[in-house]
Amino acid sequence: MTNDGKYAVTSSEGEWQPGSNDQVLKNYLGIIDLEEMAEVETDLLFKLYQYIFEQDLPSSLNPEIIQCWHRWWLGNVYPWAGQLRSVNMSKPSIDFAAAKYVAKLFDDFSSNYLAHYNNLP
């Protein structure tokens, strides 16, 4: 599927926000403007960074923490926040990993990288 918006979704699971002209993924906030959604996501990411790095840095990293952070970041925006992606997606000039490989790639990331961060200060 070709799309000039933020994401191109190639599955029946991908839903667009009504009124967004297939530019913004369906969201709890009813946002239909691509720039407004980018601003909301960026602001929420900054708040997550503040929380993690200024107040509550965990003593270890694991897949559950990463998924929890994702849910904290976007859980008030998207119903799928914190879940492993089950649809194929892309952005202009960027193809994301195929959905069927996401769980395996996440497991590999966990064992090859996150496992090295089990004793954070």
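Helices (H or I, at least four residues) and strands (E, at least two) are DSSP runs, numbered from the N terminus. The structure described here is a predicted model, in which local features need pLDDT of at least 70 and side-chain atom pairs count only at pLDDT 80 or more, while totals for chains, interfaces and linings use all residues. Residues are numbered from 1 along each chain as its sequence is written, and side-chain values use heavy atoms, with hydrogens and water left out.

Together with Tyr 49 and Leu 57, Phe 53 makes a nonpolar surface patch of about 340 Å². Such patches consist of residues with over 30% relative accessible area and no salt bridge, nonpolar side chains (Val, Leu, Ile, Met, Phe, Trp, Tyr) being joined within 5 Å and like charges within 9 Å; a salt bridge is a side-chain nitrogen of Lys or Arg within 4 Å of a carboxyl oxygen of Asp or Glu. Accessible areas come from the Shrake-Rupley method with a 1.4 Å probe, and for residues only the protein chains shown count as cover.

Turning to the aromatic rings, a search of the whole structure finds four pairs. Rings of Phe, Tyr and Trp (its six-membered ring) pair if their centres lie within 6.5 Å; planes under 30 degrees apart count as stacked, over 60 as edge-to-face and the rest as tilted. One of the pairs joins Tyr 51 and Trp 72, whose ring centres are 5.3 Å apart with planes at 90°, so this pair is edge-to-face. It links distant parts of the chain, as Tyr 51 belongs to helix H1 and Trp 72, 21 residues away, to helix H2 (residues 63-74). Tyr 51 is partly exposed at 31%, and Trp 72 is partly exposed at 43% relative accessibility.

The loop between strand S1 (8-9) and helix H1 (34-54) holds Ser 20, which is buried at 3% relative accessibility. A polar atom of the Ser 20 side chain lies 2.8 Å from the backbone oxygen of Gln 17. Asn 21 is found in the loop between S1 and H1, but is exposed at 67% relative accessibility; its phi is near 55°, a positive value in a residue other than glycine.

A positive phi, near 70°, also occurs at Ser 93, likewise a residue other than glycine. Ser 93 sits in the loop between strand S2 (89-91) and strand S3 (94-95) and is exposed, with a relative accessible area of 84%.

Definitions and conventions:
Buried means under 20% relative accessible area, exposed over 50%, partly exposed in between (1.4 Å probe, protein chains only). A polar contact is a pair of N or O atoms within 3.5 Å; within protein, one must be able to donate a hydrogen and the other to accept it, and residues adjacent in sequence count only if both atoms are side-chain atoms.
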